[in-house]
Amino acid sequence: MSNVIEDLWNYMPEEIMASVFSFLSVRDRYMVLHVCKRWAAAVASSTVWSFTELW
């Protein structure tokens with residue numbers, strides 16, 4: 001079953017991942033940055049950071 005979930009993440013469009021990652025805390029986004037290149041590209045998207053409050 002875990003292979004099915006992994007496959008779903010592989011086929012998920014970067015825009016969808018960026019939308020999901022935008023709900024994460026800044027610390028969690030930093031952790032996502034180190035998972036793989038594809039996730040790093042998604043979390044680096046301006047969509048993820050457009051409404052981030054640092055205070």
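1. Basis. The model is predicted, so local features need pLDDT of at least 70 and side-chain atom pairs count only at pLDDT 80 or more, while totals for chains, interfaces and linings use all residues. Residues are numbered from 1 along each chain as its sequence is written, and side-chain values use heavy atoms, with hydrogens and water left out.

2. Overall fold. The chain contains five helices and zero strands, giving the pattern α-α-α-α-α along the sequence. Helices (H or I, at least four residues) and strands (E, at least two) are DSSP runs numbered from the N terminus. Of the 55 residues in the chain, 20% are buried. Buried means under 20% relative accessible area, exposed means over 50%, and partly exposed lies in between (1.4 Å probe, protein chains only).

3. Helix α2. This helix spans residues 14-21, and Met17, Ala18 and Phe21 are buried in it. Because these residues cover an arc of only 100° around the axis, they sit on the same side of α2; the arc is taken from the directions from the helix axis to the C-beta atoms. Ile16 also belongs to helix α2, but is partly exposed at 44% relative accessible area.

4. Arg29. This residue of helix α3 is buried without a salt bridge, and the nearest side chain of opposite charge, Asp28, is 8.3 Å away. A salt bridge requires a side-chain nitrogen of Lys or Arg within 4 Å of a carboxyl oxygen of Asp or Glu. For charge, Lys and Arg count as positive and Asp and Glu as negative, with His and the chain ends not counted. The Arg29 side chain does reach the backbone oxygen of Leu24, at 3.0 Å.

5. Surface patch. Tyr30, Met31 and Leu33 form a nonpolar patch with about 320 Å² of accessible area together. Patch members have over 30% relative accessible area and no salt bridge; like charges are joined within 9 Å and nonpolar side chains (Val, Leu, Ile, Met, Phe, Trp, Tyr) within 5 Å. Areas come from the Shrake-Rupley method with a 1.4 Å probe. Met31, in helix α3 (residues 26-33), is exposed at 51%.

6. Val48. Helix α5 (residues 46-49) holds Val48, which is buried at 1% relative accessibility. Val48 and Ser22 are 26 residues apart in sequence, yet 4.3 Å apart from C-alpha to C-alpha.

Definitions and conventions: Polar contact = N/O pair within 3.5 Å; in protein donor to acceptor, adjacent residues only side chain to side chain.
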